[in-house]
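Here is a short briefing on one protein model. Look over the sequence and the structure before reading on.

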Amino acid sequence: MNDADVSKQIQQMVRFIRQEAEEKANEISISAEEEFNIEKLQLVEAEKKKIRQEYERKEKQVEIRKKIEYSMQLNASRIKVLQSQDDLVGSMKEAAAKELLSVSHHHILNVIHHDHSYKHLLKDLIVQSLLRLKEPAVLLRCRTEDLHLVESVLESAKNEYAAKESVHPPNIVVDTNVYLPPAPSHHNAHGLHCSGGVALASIDGKIVCENTLDARLDVAFRKKLPEIRKHLYGQVAA
């Protein structure tokens with residue numbers, strides 16, 4: 001083989017090596033670009049995911065704040081409604097308490113045409129208290145302004161109780177040292193007061209029956225409160 005053939009073969013080998021190198025370099029370049037694109041896509045997707053997660057987190061915070069604010073406003077509205085209902089019920093009780101005063105004041109205001117309704121009421125309250133206590137001797141307290149009325153019905157009240165229970169008439173001691181508070185007035189609007197009625201107790205003071213008009217109003221009002229609320233608001237409040 002002469003020099004020309006050797007040179008030709010060398011050139012062919014060089015071209016082959018160069019072509020193979022170029023192809024390999026091209027493959028590496030394409031592979032690197034593909035990997036770069038994949039990594040770039042992964043980074044982009046990762047950033048998108050972070051952005052979505054951050055958005056979702058903030059969106060949840062906004063929703064939670066909205067729910068909290070709504071709940072607070074709803075509770076505030078409910079409290080206002082309940083307060084208004086309580087105010088209305090309270091005003092009804094105050095109106096009823098004023099009506100009680102007209103019952104016990106009638107015998108004072110209408111002296112000429114004396115009405116015995118309060119006098120009879122006092123007797124009935126005494127009899128009812130005696131039936132509850134079932135004591136042979138009791139202590140009775142009343143208002144100063146009711147003393148003469150109470151004393152005028154004591155005998156009939158004792159006899160009525162004795163007839164109902166088939167016992168001897170009890171001994172009723174009227175307490176003239178301690179009286180029930182007077183009726184409410186403009187001068188004593190917030191002090192202790194009593195609209196009428198009586199309070200009886202066993203002689204030792206261990207058993208007490210408060211049968212004043214105010215106490216009876218409180219009992220009646222507590223019992224009727226669910227019915228009153230249902231009538232006013234259409235539902236029974238707890």
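Helices here are DSSP runs of H or I with at least four residues, numbered from the N terminus. By that count, Lys158 and Glu155 both sit in helix 3 (residues 147-165), three residues apart, so about one helical turn separates them. The model is predicted. A search of the whole structure finds twelve salt bridges.

- Lys158 pairs with Glu155 in a salt bridge. Their closest N and O atoms are 3.1 Å apart.
- Lys158 has a relative accessible area of 14%, so Lys158 is buried, since buried means under 20%.
- Glu155 is partly exposed, at 48% relative accessible area.

- Lys50 forms a salt bridge with Glu47, and the closest N and O atoms are 3.9 Å apart.
- Both Lys50 and Glu47 lie in helix 1. They are three residues apart, about one turn of the helix.
- Glu47 is partly exposed, with a relative accessible area of 42%.
- Glu54, Arg57 and Lys58 are linked in a network of salt bridges.

**Salt bridge between Glu145 and Arg143**
- The side chains of Glu145 and Arg143 meet in a salt bridge, at 3.4 Å from N to O.
- Is Arg143 buried or exposed? Arg143 is buried, with a relative accessible area of 0%.
- Glu145 is partly exposed, at 25% relative accessibility.

**Helix 2 against helix 3**
- The axes of helix 2 (residues 117-133) and helix 3 come within 8 Å. They cross at roughly 45°.
- That angle makes helix 2 oblique to helix 3.
- The crossing of helix 2 past helix 3 is right-handed.
- Which kinds of residue make up the contact of helix 2 with helix 3? They divide into twelve nonpolar, two polar and five charged.
- On the helix 2 side, the contact residues include Leu122, Ile126 and Leu130. On the helix 3 side, they include Val150, Val153 and Ala157.

- Val14 is found in helix 1 (residues 3-109).
- Val14 is partly exposed, with a relative accessible area of 39%.
- Val14 and Leu180 are 166 residues apart in sequence. In space, their C-alpha atoms are 130 Å apart.

Technical notes
Residues numbered from 1 in each chain as written. Predicted model: local features only at pLDDT ≥ 70, side-chain atom pairs only at ≥ 80, totals over all residues. Heavy atoms only, no water. Helix = DSSP H or I, 4+ residues; strand = E, 2+ residues; numbered from the N terminus. Buried < 20%, exposed > 50% of the residue type's maximum accessible area, 1.4 Å probe, protein only. Salt bridge = Lys/Arg side-chain N within 4 Å of Asp/Glu carboxyl O. Axes fitted to C-alpha atoms, helices over the stretch in contact; angles between N-to-C directions. Parallel < 35°, antiparallel > 145°, perpendicular 65-115°, else oblique. Left-handed = near helix turned anticlockwise from the far one by under 90°. Contact = heavy atoms within 4.5 Å. Nonpolar A, V, L, I, M, F, W, Y, C, P; charged D, E, K, R; others polar.
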